[in-house]
Amino acid sequence: MEAQLLGEALARAGRIVAFTGAGISTESGIPDFRGPQGVWTKVDPSDFTLDKYVASAEHRARIWRMRIERAAVDYLPNAAHRALVDLERSGTLDCIVTQNIDGLHQKAGSTAVLELHGSTRSIVCLDCRRQLPAEHAYARIEAGETDPHCVYCGGILKSGTVSFGESLPEDVIEEAFFRARQCDLCLVIGSSLVVHPAASIPLEAARAGARLAIVNHEPTPLDDLADPVVRASAGEVLPAAVALAEELRAR
Ligand code: NAD
Ligand code: ZN
C-alpha cells in the first residue's frame, strides 16, 4: 500500500531530486546517527568537531585509526541504493543530494550525486586545501606515522568529510539548492531532517512548488508538508515503488 502511493507519486513526476541520509545505508550495515541504534547512542558528537581535531595530535591519531578500521570493511550498496540507480536510468531522476559520506550511491552505479558532507575517499590539508586520495594517509599510517601532515606545506591532514564546526562545500550546496528549486518531486530517504543547512534543501524544494515524499522510520519536521510519508524500510519500499512507477509510465 505504501509502495503503491510512492510509486504513483514517482510516476507522475518529471524531474526528481532524491535527498538521502544515513538511513538509506543502515541496511548496508552502516549505523545512522540519530536512529535507535545510532552512533550518538554510543559516542559523543563533540568528539567530531573541527576544534577538537585541530587541538590534539592524540585525538587525530585516534580518528585516523577509526577511519582505517572502517575503510577495511567493504560495505555494499543495498536495494534502496540500487532502486535509485534504476530511477536514474528511467530518466526522471535529476540527481541525488546526499548527506552520506559512504560513497554507496556511486558504488551502486548512480552518476549524478552531490555529496553535501564530503566523502571518506579523499583527504584534505587544512592549510593549503590540497586534496589527495585517502589511501595516501592510510599508507603513511600503516608505515608507522600516527598523525601524518601535508607533504607540501606541513599542515594538518583530515578526512575529506565535513566535521561539526566546518562549513559545507559552497559550490555543492549551491548546486543542491538550485536543483531542489527546479524539481517537481523531492524524495527524502532515511534522514531525520534536523541537520542544517542540508535539511533546508527539501524545504526549499517544497517552497518552490515541488511535491515532497518522505521514506523514513521515524517522524521528521517536514512530515506535515509531505505526501506520501512512508514509515517503512527504504530497502523494502523503494524497489517496489520504482518498479511500479516504471509500470505506470509504460501504460
Ligand atoms: P540521521 O541519523 O539523523 O537520521 C537517519 C534517519 O533514518 C532516522 O530518522 C532513522 O529513523 C531513519 N532510518 C534508519 N534506517 C532506515 C531505513 N532502513 N529505512 C528508512 N529509514 C531509516 O541521519 P541524517 O539525517 O543523514 O543526518 C545525520 C548526519 O549523519 C549527516 O550529516 C551524515 O553526514 C552523517 N552520517 C552519515 C553516514 C553514512 O555516510 N552512511 C552514517 C551516519 C551518519
Ligand atoms: Zn598543505
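Keep in mind that the model is predicted.

**The zinc site**

Let's start with the metal. The zinc ion (ligand 2) is held by the SG atoms of C125, C128, C150 and C153, at 2.3 to 2.4 Å. What is the arrangement of the four donor atoms around the zinc ion (ligand 2)? The angles they subtend run from 98 to 117 degrees, which makes the arrangement tetrahedral. To count as tetrahedral, all angles must lie between 85 and 135 degrees.

Along the chain, the donors of this zinc ion follow the spacing C-x2-C-x21-C-x2-C. C125 sits in strand β4 (residues 118–125), while C150 is in the loop between α6 (134–142) and β6 (157–161), so this pair ties together parts that are 25 residues apart in sequence. Both C125 and C150 are buried.

You'll find R129 in the loop between β4 and β5 (131–133). It isn't a glycine, yet R129 has a positive phi of about 65 degrees. Is R129 buried, partly exposed or exposed? With 47% relative accessibility, R129 counts as partly exposed, because that label covers values between 20% and 50%.

**Around ligand 1**

Now for the other ligand. Ligand 1 has 26 residues around it, and the ones that come nearest are E27, Q99, D102, S192 and E218. The shell splits into eight nonpolar, 13 polar and five charged residues.

| Residue and its atom | Atom of ligand 1 | Distance |
|---|---|---|
| A22, backbone N or O | oxygen | 2.8 Å |
| T26, polar side-chain atom | nitrogen | 2.8 Å |
| G190, polar backbone atom | oxygen | 3.4 Å |

How much of the accessible area of ligand 1 does the protein cover? On its own, ligand 1 has 850 Å² of accessible area, and the protein covers 95% of that.

**Two buried polar residues**

T20 belongs to strand β1 (residues 16–20). Its relative accessible area is 0%, so T20 is buried. Which side chain does the side chain of T20 contact? The partner is the side chain of T98, in a polar contact of 2.7 Å.

E166 is found in the loop between β6 and α7 (170–182). At 17% relative accessibility, E166 still counts as buried, because the cut-off is under 20%. The side chain of E166 has a polar contact with the side chain of K158 at 3.2 Å. The E166 side chain also reaches the backbone nitrogen of S163, at 2.9 Å.

**Backbone details**

Finally, follow the backbone itself. Going from H196 to P197, the peptide bond is cis, with omega near 10 degrees. P197 is part of the loop between β7 (185–189) and α8 (200–207). L193 is also placed in the loop between β7 and α8. Like R129, L193 is a non-glycine residue with a positive phi, and for L193 the value is about 55 degrees. L193 has a relative accessible area of 3%, so it is buried.

Where is P228? Look in the loop between β8 (211–215) and β9 (229–230). The peptide bond leading from D227 to P228 is cis, and its omega is near 5 degrees.

Notes. Residues numbered from 1 in each chain as written. Chains lettered and ligands numbered in written order. Predicted model: local features only at pLDDT ≥ 70, side-chain atom pairs only at ≥ 80, totals over all residues. Heavy atoms only, no water. Donors = N, O, S within 2.8 Å, 3.2 Å for Na, K, Ca; no water. Tetrahedral: all angles 85-135°; square planar, octahedral: opposite > 155°, others 65-115°. Helix = DSSP H or I, 4+ residues; strand = E, 2+ residues; numbered from the N terminus. Buried < 20%, exposed > 50% of the residue type's maximum accessible area, 1.4 Å probe, protein only. Near = heavy atom within 4 Å. Polar contact = N/O pair within 3.5 Å; in protein donor to acceptor, adjacent residues only side chain to side chain. Areas by Shrake-Rupley, 256 points an atom, 1.4 Å probe, with all protein chains shown as cover. Nonpolar A, V, L, I, M, F, W, Y, C, P; charged D, E, K, R; others polar.
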